[in-house]
Amino acid sequence: MVAKCGPRIIHHWEHRGRRNCDPWWENETEWHRGWKNLFPESCREIAHTAPDGEIHRADIKTPTGIYIEVQHSSITDAERTSREGFYQNLVWVIDGRPFRQNFDIYHMLPDPTSRLAQDLVWVKAARSMAGTSSGTFFRVSANQKYYPGVTKATLRGGLIEGLDRIKPEVEASYRGHHQYHWASPRKTWLDAACPVYIDFGDEWLVRLEVYDETGLRCVRLVAKRKFVHDAISEMRAEDIATRFYPLA
């Protein structure tokens, strides 16, 4: 404990090293330290002051102004939204190891901006529907004769096809997107306003995304090395891992 006897607040005792009693502080794990050590020391434990004088200490702040909060324990919706509003240019990295057995990553998806993707409506993959894990879809163009005028946003049935029929085309436009199923999800992360990356303990991160106008949720695999590089070089959190170029 450390004695705090300043002139502006009542004298009190403070826990040594606990982010100056920041209410957003959590016990630091080896996983936390491992993430912080991926960035220069000058980027770690950086205090941020809001216009109203509120102060919090971010796990990581990159030189370009992106804040990274690495989160091991569960948090409430209220705390998540408070942090997002406070930092704004924020990206979450959450420890997915405790729920890895509840998280299935399925078949690849084409780049959602590709011409191929504009013609496909994917059936949501789930553990309870084994066939969907290998990839099934409706093709808008092939179902016009059954549902004249149907669009990707309105097509929900018709002639169903499997990924095996278009696998080469999907592989050619692949940018890391996959279908997934999260049993008993931590729903606050599905509702997050800032980008969320899950770390399952290997060299890839899993970013939670919404794939297209059908509302299909998907994940995108992003190399940790790419994430760290972009977090230091990009100006906005949402631009991390959106540009495809080789790293030196």
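This report describes the fold, the helix packing, the aromatic pairs, the salt bridges and a surface patch of one predicted protein model.

## Basis and overall composition

The model is predicted, so that local features need pLDDT of at least 70 and side-chain atom pairs count only at pLDDT 80 or more, whereas totals for chains, interfaces and linings use all residues. Residues are numbered from 1 along each chain as its sequence is written, and side-chain values use heavy atoms, with hydrogens and water left out.

The protein chain contains five helices and 14 strands, where helices (H or I, at least four residues) and strands (E, at least two) are DSSP runs numbered from the N terminus. Of its 248 residues, 47% count as buried; buried means under 20% relative accessible area, exposed means over 50%, and partly exposed lies in between, with a 1.4 Å probe and protein chains only. The accessible surface comes to about 13,000 Å², of which 54% belongs to carbon and sulfur atoms, the areas being taken from the Shrake-Rupley method with a 1.4 Å probe and, for residues, only the protein chains shown counting as cover. Among contacts (heavy atoms within 4.5 Å) between residues at least 6 apart in sequence, 55% join residues at least 24 apart.

Helix α2, residues 77–87, has R80, R83, E84, F86 and Y87 as its buried residues. They cover an arc of only 165° around the axis, which puts them on the same side of α2; the arc is that of the directions from the helix axis to the C-beta atoms. The cover over these buried residues includes β3 (44–49), β4 (55–61), β5 (67–71), β6 (90–95) and α4 (187–190). After α2 comes Q88, with a positive phi near 65°.

In helix α5, residues 224–233, the buried positions are K224, K226, F227, V228, D230 and A231, and these pack against α1 (30–36), β5, β6, β12 (196–199), β13 (204–210) and β14 (217–223). K224 is buried, with a relative accessible area of 18%. Leaving aside residues up to four places away in sequence, K224 touches W35, D199, G201, D202, E203, W204 and L205.

## Aromatic pairs

Rings of Phe, Tyr and Trp (its six-membered ring) are paired if their centres lie within 6.5 Å, with planes under 30 degrees apart counted as stacked, over 60 as edge-to-face and the rest as tilted. By this rule there are 11 aromatic pairs. One of them is the tilted pair of F103 and W182, at 5.3 Å centre to centre and 55° between the planes. F103 lies in strand β7 (residues 103–110) and W182 in strand β11 (residues 174–182), so this pair ties together parts that are 79 residues apart in sequence. Both F103 and W182 are buried.

Y197 and F227 form an edge-to-face pair, with 4.9 Å between the centres and 65° between the planes. Because Y197 lies in strand β12 and F227 in helix α5, the pair ties together parts that are 30 residues apart in sequence. Y197 counts as buried at 0% relative accessibility, and F227 is likewise buried at 0%. Ring pairs also link F99, F103, Y180, W182 and F200 into a cluster.

## Salt bridges

The structure holds 21 salt bridges, each defined as a side-chain nitrogen of Lys or Arg within 4 Å of a carboxyl oxygen of Asp or Glu. One of them joins the side chains of K36 and D59 at 3.9 Å, N to O. K36 lies in helix α1 and D59 in strand β4, so the pair ties together parts that are 23 residues apart in sequence. K36 is buried at 6% relative accessibility, as is D59 at 3%. Both belong to a network of salt bridges that links E28, E30, R33, K36, E45 and D59.

Within helix α2, R83 forms a salt bridge with E79, the closest N and O atoms being 2.4 Å apart; the two residues are four apart, about one turn of the helix. R83 is buried, with a relative accessible area of 1%. The side chains of E234 and R243 meet in a salt bridge of 2.8 Å, N to O, in which E234 is buried at 8% and R243 is partly exposed at 43%.

## Nonpolar surface patch

Y146, Y147 and L159 form a nonpolar patch on the surface, with about 310 Å² of accessible area together. Patches are made of residues with over 30% relative accessible area and no salt bridge, like charges being joined within 9 Å and nonpolar side chains (Val, Leu, Ile, Met, Phe, Trp, Tyr) within 5 Å. L159 is found in the loop between β9 (136–139) and β10 (160–162), and at 40% relative accessibility L159 counts as partly exposed.
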